[in-house]
Amino acid sequence: MRRILCLGSTGFLGAHVAGQLRALPGVRVLGGGRSTPVSPPALPSSLPSASPPALVDGLPIDLTTISVDALEEALRALGPHAVVNCVGSVGNSPLRLAEVNTRGPAVLCEALRRAAPTARLVHLGSAGEYGATAPGRSIDESAPTRPPGAYGATKLAGTLIVAQSALDATVLRVFNPIGPGSPAASLPGRLVAELRRALPDGAEGVIRVGDLSAYRDYVDVRDVARAAVLAAMAPEPLPRILNIAGGGATPVRAIAEGLVAASGFRGRVEESGPGSHRSAAVSWQRADISAAAAALGWRPHFTLARSLADLWNEGAPAAVPPRAPAGDPGEVPAGVPAAS
């Protein structure tokens with residue numbers, strides 16, 4: 001039985017990663033995070049080596065506060081063959097960003113070095129580490145890293161800690177994840193909430209958003225999870241950094257248009273005001289994903305239209321019938337290679 005610890009297993013990315021891992025035969029998923037779905041036993045003294053793996057599902061491991069010694073003991077008790085770190089913070093204070101995105105990976109790497117030095121570590125990084133790039137240029141893993149703010153800087157620090165460690169580790173630099181479970185604080189999540197509010201107004205409904213002219217590289221959260229699973233299960237060492245993205249530059253406006261189409265909203269979407277600070281600092285991003293294809297046999301399966309339709313449909317009230325994107329089978333068009 002292969003034991004894989006998924007940290008952040010109740011978050012947006014982590015829940016999808018843990019779900020796909022649980023579907024694999026011969027894999028025991030050990031969930032860890034600040035909030036846990038079950039009441040775990042005390043750590044580590046109550047976990048003798050013969051304890052069945054089910055006893056350690058849902059461990060309360062908070063990388064922002066746990067000491068290296070305590071995490072080392074927990075990892076010795078768990079004996080993971082691989083760890084997938086999905087823990088991350090996007091919009092908090094600089095202090096919180098540093099605690100989650102930088103301290104967390106540092107504590108994890110040190111504890112793994114002591115307790116499970118042969119375990120594979122898969123860490124989720126961010127496209128925010130790259131910063132601004134010239135329009136029309138695809139970003140590969142060798143591109144300069146020039147994050148414009150605290151989020152990207154703290155994520156970059158975490159990536160460097162993992163990539164420069166002596167562990168069997170890889171960083172998946174995730175671009176803009178989207179799809180079922182998108183958090184309410186994200187643009188797609190906010191738009192879904194606004195559309196549900198405005199739908200009853202029919203053609204008189206109005207959705208107001210900021211500037212949507214920036215270009216981003218969107219990737220379905222389920223494709224991100226599949227990449228993480230492939231990385232955790234890969235038998236050979238992997239490149240230190242791999243881009244995980246859709247491989248195309250899409251105007252942010254397409255997110256609003258896609259959700260409007262999925263919802264059947266007949267009102268107006270007004271761009272009234274500036275966009276996010278990051279949109280002003282980074283107006284264009286498109287990833288080169290050829291390294292992930294070569295190392296993992298991975299390519300994205302889900303189209304943006306399918307991602308948005310599934311996001312809308314997951315919480316659609318009974319009175320609003322689920323919609324499928326017109327003419328969209330939900331996967332990449334024929335001729336585009338996909339992972340096996």
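Helix H7 crosses helix H10 in a right-handed fashion. That's in a predicted model, and the two axes come within 9 Å and cross at roughly 55°.

**The H7–H10 crossing**

- On the H7 side, the contact is made by Ala-254, Ile-255, Gly-258, Leu-259, Ala-262 and Ser-263.
- H10 brings Leu-304, Leu-308, Ala-309, Leu-311 and Trp-312 to that contact.
- In general, an α-helix has 3.6 residues a turn, so residues three or four places apart point the same way.

**What H7 buries, and against what**

- H7 runs over residues 253–263, and its buried residues are Ala-254, Ile-255, Ala-256, Leu-259, Val-260, Ala-262 and Ser-263.
- Those buried residues pack against two helices, H5 (187–198) and H10 (304–314).
- They also pack against strands E6 (176–178), E9 (218–220), E11 (250–251) and E12 (268–271).
- Just past the end of H7 comes Gly-264, which takes a positive phi of about 80°.

**Aromatic pairs**

- The count comes to two aromatic pairs.
- One is Tyr-130 with Phe-175, a tilted pair at 6.0 Å centre to centre with 35° between the planes.
- This pair links distant parts of the chain, 45 residues apart: Tyr-130 is in the loop between strand E4 (120–126) and helix H4 (150–163), while Phe-175 is in the loop between strand E5 (168–174) and E6.
- Tyr-130 and Phe-175 are both buried.
- Tyr-215 and Trp-284 make up the other pair, also tilted, at 5.4 Å centre to centre and 40° between the planes.
- Here too the pair links distant parts of the chain, 69 residues apart, with Tyr-215 in strand E8 (residues 215–216) and Trp-284 in the loop between helix H8 (277–281) and helix H9 (290–296).
- Tyr-215 has a relative accessible area of 32%, so it is partly exposed.
- Trp-284 counts as buried because its relative accessibility is 12%, and the cut-off for buried is under 20%.

**Arginines over rings**

- Arg-173 lies over the face of Tyr-130, 4.6 Å from the ring centre, and Tyr-130 is also the ring that pairs with Phe-175.
- Arg-196 lies over the face of Trp-312, 3.8 Å from the ring centre, and Trp-312 is one of the H10 residues in contact with H7.

How values were computed. Residues are numbered from 1 along each chain as its sequence is written. This is a predicted model: local features need pLDDT of at least 70, side-chain atom pairs count only at pLDDT 80 or more; totals for chains, interfaces and linings use all residues. Side-chain values use heavy atoms; hydrogens and water are left out. Buried means under 20% relative accessible area, exposed over 50%, partly exposed in between (1.4 Å probe, protein chains only). Helices (H or I, at least four residues) and strands (E, at least two) are DSSP runs, numbered from the N terminus. Contact means heavy atoms within 4.5 Å. Rings of Phe, Tyr and Trp (its six-membered ring) pair if their centres lie within 6.5 Å; planes under 30 degrees apart count as stacked, over 60 as edge-to-face and the rest as tilted. A charge sits over a ring if NZ of Lys or CZ of Arg is within 6 Å of the ring centre and within 35 degrees of the ring normal. Axes are lines fitted to C-alpha atoms, for helices over the stretch in contact, and angles run from 0 to 180 degrees between N-to-C directions. A crossing is left-handed if the near helix is turned anticlockwise from the far one by less than a right angle, and right-handed if clockwise.
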